[in-house]
Structures are given as C-alpha cells and as structure tokens.
Amino acid sequence: MFDPKDIRNSKDPDLAGSYAAIHRAAKFAEDLAIRTNTAIIVAVDGKPVRITAAELIKMRELKSTVPPEDA
C-alpha cells in the first residue's frame with residue numbers, strides 16, 4: 001500500500017532529492033513532446049492517459065495565466 005508521507009521530508013537525501021528529479025524529468029518529457037509534436041502517456045488514477053502536444057501547450061498557457069497562490 002502507498003505510504004502518504006511526503007518524500008521531500010525524507011531523512012535520506014537521495015530520496016528527498018528524487019522528488020525534484022522526477023519533476024525535472026516530467027518537464028523534459030513534456031518539452032520534447034511539444035518540440036516533436038508527439039504525445040506523452042501519463043498515469044491518472046492508475047490508468048494510462050494520452051496527452052497530445054497541443055494539449056500540453058494549452059495546459060501550459062492556462063498555468064501561466066493563473067496568478068501564484070502566494071500573491
């Protein structure tokens with residue numbers, strides 16, 4: 001079963017750092033999909049979901065128009 005503890009708070013620096021590494025890898029995959037006009041496959045609730053380059057671009061545009069929560 002999944003342990004809900006946040007890995008960023010792990011005492012193991014490698015495990016804590018893996019969170020940022022996973023996010024960097026995801027962004028790189030999205031960037032590559034956009035540059036090559038291909039799709040990526042992600043898991044949502046354990047099921048594969050295909051996201052096209054056009055959808056990724058649209059998601060980024062929406063994200064850039066949302067003001068930060070700390071503002």
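Asn37 has a relative accessible area of 62% and counts as exposed; buried means under 20% relative accessible area, exposed over 50% and partly exposed in between, using a 1.4 Å probe and protein chains only. The model is predicted, so local features need pLDDT of at least 70 and side-chain atom pairs count only at pLDDT 80 or more, while totals for chains, interfaces and linings use all residues. Residues are numbered from 1 along each chain as its sequence is written, and side-chain values use heavy atoms, with hydrogens and water left out. Asn37 lies in the loop between α1 and β1. Its phi is near 55 degrees, a positive value in a residue other than glycine. Helices (H or I, at least four residues) and strands (E, at least two) are DSSP runs, numbered from the N terminus.

α1 covers residues 13-36, 24 residues in all. From the first C-alpha to the last, α1 reaches 34 Å, close to the 34 Å expected at 1.5 Å a residue; the expected span is 1.5 Å times one less than the number of residues in the helix. A kink of about 30 degrees in α1 is centred on Tyr19. The bend at a residue is the angle between axes fitted to the seven residues ending there and the seven starting there.

**The start of α1.** A side-chain oxygen of Asp12 comes to within 2.9 Å of the backbone nitrogen of Asp14. A polar contact is a pair of N or O atoms within 3.5 Å; within protein, one must be able to donate a hydrogen and the other to accept it, and residues adjacent in sequence count only if both atoms are side-chain atoms. Asn9 belongs to the segment before α1. With 64% relative accessibility, Asn9 counts as exposed. The C-alpha atoms of Asn9 and Thr65 are separated by 30 Å, and these residues are 56 residues apart along the chain.

Strand β1 (residues 40-44) pairs with strand β2 (residues 47-51) in the antiparallel sense, over five bridges. Two strands pair if DSSP finds at least two bridges between them. Val44 has Lys47 in β2 as its bridge partner, and Ala43 stands opposite Pro48 in β2.

**Asp45 in the hairpin turn.** The hairpin formed by β1 and β2 has two residues between the strands. Asp45 sits in this loop between β1 and β2. Although Asp45 is not a glycine, its phi is positive, about 55 degrees. Asp45 is exposed, with a relative accessible area of 78%.

**The setting of these views in the whole chain.** The protein has two helices and two strands, which run α-β-β-α from the N terminus on. Its radius of gyration is 15 Å, whereas a compact globule of 71 residues would have one near 11 Å; the radius is taken over C-alpha atoms, and the globule rule is 2.2 Å times the number of residues to the power 0.38. Along its principal axes the C-alpha trace spans about 40 × 35 × 20 Å. Buried residues make up 8% of the 71 residues. Of the contacts (heavy atoms within 4.5 Å) between residues at least 6 apart in sequence, 13% join residues at least 24 apart.
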